[in-house]
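Work through the two exercises below with the sequence and the coordinates at hand. Each task is followed by a solution in steps.

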Amino acid sequence: MIKLLRLTIMGLFVFLFLSACQSTFQPQKVDQLEIGKVYHDGGELKLLDGNHFVMIQNQARFDSQKKLEQYKIDNDDDNFYPNIYFAEGTYEKSGDEYRLKVLRSVEVEFKNVANIEKKIISTKRVDDIPAKNSFSLVKKDKYYAVNGKVPLKTSNLKIPDSIDEFLAQYQYEPEELER
C-alpha cells in the first residue's frame, strides 16, 4: 500500500513538473506598445527606441522538404523558395497612432529545408531605397491594429535589432536558384 502511495505521489510530481515546463504563452491583443517588446502582425515587429523599429516576415518555417514540396503544390508555385524578409525603419508617434516607414530591407532565400537548418542562404537582396509607402499602428476598439485592420498581438519570439545582426546569423553561399 505504501509503495502504491509513493508511486502515485511520484507520478503526480512528474505530471506537475512536465506541465510547468510546457509553454503556456498565449498571444494577446495589444492595448499599449512598449519599446523592446516583439509584436505579431502576420510577421513580427519591434520598436527599438523613440523612433526606430525592425520587422521580420518569415516564410522559411518548414521542418521537412516534404512539407516544402507540398506547400509549392498547394500554392501552385514551383518557383517558391523559403525566404525571410527583414526591414528596419523609423516611426513617428502622434497620440495613439504610430506611423512607420521602412528605410532599408533585406530578403534572403534558402535553396531547401536542409539549408534552413544549416542557416545557409543562397540569395540575398538588400534594398537601401526608403519605401514610398508607410503603414500605421492605430488603436481600434481599445487595441492596436496595423492600418486599423490587422490586430497586433503579443509575441514571445526574439528578433534581431538590425539587418547586420540578422545577417550575422547566416552563412551566405551565393547560388543561382531555378526560376
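**Exercise 1.** Determine which residue in β10 is the bridge partner of A145, and then follow the pairing back to β8.

*Solution.* In β10 the bridge partner of A145 is P151, where strands are DSSP runs of E with at least two residues, numbered from the N terminus, as are helices (H or I, at least four residues). This is a predicted model, in which local features need pLDDT of at least 70, side-chain atom pairs count only at pLDDT 80 or more, and totals for chains, interfaces and linings use all residues. Residues are numbered from 1 along each chain as its sequence is written, and side-chain values use heavy atoms, with hydrogens and water left out.

Strand β10 (residues 150-151) runs antiparallel to β9 and is joined to it by 2 bridges, pairing being assigned if DSSP finds at least two bridges between two strands. The hairpin of β9 and β10 has 3 residues between the strands, and N147 there takes a positive phi near 50°.

Going back, β9 (residues 143-146) is antiparallel to β8 (residues 135-140), with 4 bridges between them; K140 has Y143 as its bridge partner in β9. In this hairpin, with 2 residues between the strands, D141 takes a positive phi near 55°.

**Exercise 2.** List what V108 touches, leaving out residues up to four places away in sequence.

*Solution.* With contact meaning heavy atoms within 4.5 Å, V108 touches P82, N83, I84, I121, T123, K124, F166 and L167.
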